[in-house]
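Let's take a walk through this structure together. Have a look at the sequence and the fold before reading on.

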Amino acid sequence: MSTKIAVAKGDGIGPEIMAAVLRIFEAANVPLEYEYVEMGKSYFDAGHSTGMTPAAKETIERLGLLFKGPMETPKGKGVKSINVTARKVWNTYANQRDFRSLNGVDTVFSKAGIPINLTIVRENIEDTYGGIEHLLTNDVAVGRRIITRPGSAQVIRYAFEMARRKGYTKLACGHKANIMKLTDGMFLETFYEIAKEFPDIESSDIIVDDLCMKLVSRPEMFQAIVLTNLQGDIVSDLCAGLVGGLGFAPSANIGDNISIFEAVHGTAPDIQGKGIANPTALLLSGILMLRYLGYTTAAANIENALLYTLEQGVHTGDFGDRATPSANTEAFADAIIGNMGQTPAKGAVIAQPDTPHKANQKHLTENKLTVVKKDTKEEIVGVDVFVECNKQPNELAELAQKKLNENLKLVMISNRGTQVWPTGSIYTELVNEYRIRVEKKDGGVISQKEILHIAGELSDDFKICSVEFLMKFDGKIGYTLAQGQ
C-alpha cells in the first residue's frame, strides 16, 4: 500500500534536486504518491504573507507529511522565514540532523582516519526563534527568549527515544545554564528529569562553548546531543562542517501530527538551471523520511547505492577529486540508480524489517494546551520596571524612591544587567535604559494591580519600556539577580 505525501519543490536549485531524488525513489520502487504544493519565494511575491497558498496549507495538514526542497525568504519585505514558520506553525518540535562521514567526501577528519557518526536533536519551536523583539529606546533592542517546560520535555523525550531506537548508549545535553540560569536551567532540569525514564542511556551535560571546542577536537566523544533552538542551530551547522558541509547534512523536523523533511542548504540561485547541483542532502533527508514512514528496506537500498556511488569517486562539482570529471545532477542520480543493489566496502547499511508507519496525524478541533504542573503555589514579590532615562543611577534612585509607598522598597537598579545602585562601579558604562527593581517589604502582600500602579507612578517621570513581575513558585524565586547584586 502506498503513502501519499505533500511535496514542495523549493526555490533556486530546489526543483532540480527534487526531481533527481524522486527519480531515485521511483527506481527503488518506493511506495509513495506525491501531492505537489505551492510554497516558496514566488508565493511571497504573489501576496501570500506565509509563503504558501491556503490549498498548500490544507494539503499538508491533511497528509501530515511534507518533503521540501530549499526555499528562499524575500529579503527586506518584513516577512518571516517560510522554513521557520512551517516548523513552528505545525509544531515540529524536534529537528533531527544525522552527521556521518561519507566515503569520497574528504574532510580534515576523514583524512585523519577519524570517523564522524553523531546526531544533533535541536528544539525547533521556542527560544529566540519566537522572533519577539522590541526597541525599548532608540539605542536598546530586546529579544525575548522563551523556554517552556512542556516544549523542553517534548524534544528531550524525543531525543532519548531516538537514541534508544538507534542503539546509542549516550545522550548529552548542550546548554548555557551557567549564565542563563532560568531558561537553560529549565531545559537542563527537564533533561535530567526525563533521563530517569531511560536508565539504559548514559546522560550527561556540557556547556555549549565547551561542546563546540570538543566537537572540533574530539567528535568521537559524542553519539547524540540535544540542545535548545539557537544553540542547536549553530552546533548543527558546525557538525555539518565536520562531514563536508550542508550539502551532506539531512534534516528531519518531527511533530506529533505533522513532520517535515528538507534540505537545509541554500537555494544556490547562481547555479539555478545549470543542472549541476548536488542532490545528496535532499536525498539523505528523503532516506530519513523513508525510515520514519517504515520503508526501511528501500531506505537501506538507496543509502547503500549512494554510499557505493560516492565510494566509486562519482561526484558533483562541489566536492570530490578535482582530477576526475564531475557529474551533473542528472548523471549523479543515474549513477545511484545504476548502483541499486550494490553494497559499499565501508559503512554498509543493514535494512531492518519494514514497519509502515504514517505520521500520527489527527484532525484537531482546538489548539492543544499543555501545562506540566497545575498546582504550583505562586506569589508576587515585586516588579522590574524598565525605563528610559539619561540620569545617573543615584539621581534615578532618588526619583524612584519618592514614588514608592511604605510597603515597598527599592532593591536594585541595573543597566544592561549589571547593578549600578545601591553599589556599583564608576567604570560601568551606561546606556539610556535602566531596570528598577522594587520588592514588597517582609511580611507584606502585593497584587497585580499594585504592580501596575507602581509602573504608572514611575511613568510621571520616565518613559516605561517594559514591566516584568517578580514571582516565586513553590517558594523558589522565578527571576535572576543582577551582575554584582
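How many aromatic pairs does a search of the whole structure find? It finds 7, where rings of Phe, Tyr and Trp (its six-membered ring) pair if their centres lie within 6.5 Å, and planes under 30 degrees apart count as stacked, over 60 as edge-to-face and the rest as tilted. One of them is stacked: Phe25 and Phe67, at 6.1 Å centre to centre with 20 degrees between the planes. This pair links distant parts of the chain, with Phe25 in helix H1 (residues 14–27) and Phe67 in strand E3, 42 residues apart. Phe25 is buried at 0% relative accessibility, and Phe67 is buried at 0% too. (Buried means under 20% relative accessible area, exposed over 50%, partly exposed in between, using a 1.4 Å probe and protein chains only.)

Before going further, a word on where this comes from. The model is predicted: local features need pLDDT of at least 70, side-chain atom pairs count only at pLDDT 80 or more, and totals for chains, interfaces and linings use all residues. Residues are numbered from 1 along each chain as its sequence is written, and side-chain values use heavy atoms, leaving out hydrogens and water.

Now for the sheet. Helices (H or I, at least four residues) and strands (E, at least two) are DSSP runs numbered from the N terminus, and two strands pair if DSSP finds at least two bridges between them. Here 10 strands form an open sheet with mixed pairing, in the order E2-E1-E3-E12-E11-E4-E5-E10-E8-E9. Its edge strands, each pairing on one side only, are E2 (32–36) and E9 (202–207). Inside the order, E5 (residues 117–123) and E10 (residues 224–227) pair in the parallel sense over 4 bridges, and Val121 has Val226 as its bridge partner in E10.

Next stop is helix H14 (residues 448–458), whose buried residues are Ile451, Ile454, Ala455 and Leu458. They sit on the same side of H14, because they cover an arc of only 95 degrees around the axis, taken from the directions from the helix axis to the C-beta atoms. Lys449 and Leu452, on the other side of H14, are exposed.

Finally, find Thr137 in strand E6 (residues 133–137). Thr137 is buried, with a relative accessible area of 4%. Its side chain reaches the backbone nitrogen of Asp139 at 3.0 Å, while the backbone nitrogen of Val140 lies 3.1 Å from a polar atom of that side chain.

Definitions and conventions: Polar contact = N/O pair within 3.5 Å; in protein donor to acceptor, adjacent residues only side chain to side chain.
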